[in-house]
Amino acid sequence: MLPAQRPGTRQNPPAGPPGIARIPPIWPNLPAGHLRVASGTLLPVIGLIVLLTATLAAPAAATVPAPAPAPPAAVQLAASGMERGRPPEAAIHWRRSLALGKPNRGRLAGGVELPAAGTHFVTVDPVTGTSPNRAWRRNGTDRLLEVLLGVAAEHAAAHPGAPRLVVGDLSRPRGGRFGPEYGGDGHRSHQNGLDADVYYPRRDGLERVPARVAQIDRRLAQELVDRFVRAGAQYVFVGPRTGLRGPGKVVMTLANHDDHLHVRIRPGPRTHR
């Protein structure tokens, strides 16, 4: 037990560890009449001084910029192909395809998948309205893909500043029914890999589905129809309000086609192997 301290006397602090000089208290040196500062008050002040000194001496932290938002999947796919020096369409797995049965009652053997985007085209999902279209909705015969890529390349060469072609649905990987149970209005045809939907170019240059006829660049749209006719299309269906024209036995108006043309090619082998 510690001995009791007598009134009026100051108890000396205990000695520190051996070898360490004990620092005398500072209050005896204060002028008379000044309040004594307790050691518990000085410690936070000293700690704050040390902290400020260390902060000023430390190098300024580098500002890390926020990461940029990821581009859409179609843009990523096209960019990755260009970085390797090969366009996305160079990765198409070409094989001999067979369109079996009729466009509205048939199936597809050896279907070829159109990439999500390419040098001269993009794809869009007509159900969700987003790009790219889902892979299982963009399959066709090798001949159909050849026609689409050829027309897209001709369009880009004739109009370097024009938007890329916006391609919608082709067929399912093995063809077959493509009705409303697969989303949206579905398709009565598109069953054997010979049909494709291509949206009309827009006047504002956006690679999107035109929301109304007034947004269509009619000159470019008419040229697009003409290119598919020259490519040997069996039919090109256009909207009745578009005013697009062509050979009567090939270019025909059809309801619900005021935002896109529907091209159907003739069955046959690819021109280039």
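**A walk through the predicted model**

Within strand β6, V167 is the bridge partner of T123. This is a predicted model, in which local features need pLDDT of at least 70 and side-chain atom pairs count only at pLDDT 80 or more, while totals for chains, interfaces and linings use all residues. Residues are numbered from 1 along each chain as its sequence is written, and side-chain values use heavy atoms, with hydrogens and water left out.

The bridge between T123 and V167 belongs to the contact between β4 and β6, which pair in the parallel sense over three bridges. Strands here (E, at least two residues), like helices (H or I, at least four residues), are DSSP runs numbered from the N terminus, and two strands pair if DSSP finds at least two bridges between them. The strands β4 and β6 are part of an open sheet of six strands, in the order β4-β6-β7-β10-β8-β9, with mixed pairing. Because β4 and β9 (251–253) stand at the edges with a single partner strand each, one side of each is left without a neighbour in the sheet. From one strand to the next, the twist averages 30°; the axes behind this angle are lines fitted to C-alpha atoms, for helices over the stretch in contact, and angles run from 0 to 180 degrees between N-to-C directions.

A further pairing involves β1 (residues 98–102) and β2 (residues 105–109), which run antiparallel over five bridges. A hairpin of two residues joins β1 to β2, and K102 stands opposite R105 in β2.

The loops between the strands contain several backbone features. In the loop between β4 and β5 lies P132, and the peptide bond from S131 to P132 is cis, with omega near 5°. The loop between β6 and β7 holds H190, which has a positive phi of about 60° although it is not a glycine. At 1% relative accessibility, H190 counts as buried; buried means under 20% relative accessible area, exposed over 50%, and partly exposed in between, for a 1.4 Å probe and protein chains only. N256, in the loop between β9 and β10, also is a residue other than glycine with a positive phi, near 65°, but N256 is exposed, with a relative accessible area of 68%.

Rings of Phe, Tyr and Trp (its six-membered ring) pair if their centres lie within 6.5 Å; planes under 30 degrees apart count as stacked, over 60 as edge-to-face and the rest as tilted. By this rule there are four aromatic pairs. The ring centres of W136 and F178 are 6.2 Å apart and their planes stand at 40°, so this pair is tilted. Since W136 lies in the loop between β4 (121–123) and β5 (139–140) and F178 in the loop between β6 and β7, the pair ties together parts that are 42 residues apart in sequence. W136 is partly exposed, at 30% relative accessible area, whereas F178 is buried at 0%. Y235 and F237 form a stacked pair, 5.7 Å from centre to centre with 25° between the planes. W136, F178 and Y182 make up one aromatic cluster.

On a 1 Å grid over the protein atoms alone, a cavity is a set of points where a 1.4 Å probe fits but cannot get out, and a pocket is an open set with protein on both sides within 12 Å along at least five of seven lines; lining residues have an atom within 4 Å of a point. Volumes are the space filled by probe spheres set on the points.

The largest pocket has a volume of about 760 Å³. Of its 31 lining residues, D185, G186, H187, H257 and H260 are the closest to its centre. The strand β10 gives the most to this lining, with three residues.

Two cavities of 30 Å³ or more are present. The largest cavity has about 70 Å³ of space, and its lining includes H155, R164, Y199 and R208. The second largest cavity, of about 40 Å³, is lined by L114, F121, L148, L149, A152, L165, V167 and V198. Here α3 (142–158) and β6 (165–167) each supply at least two residues, and α3 gives the most, with three.
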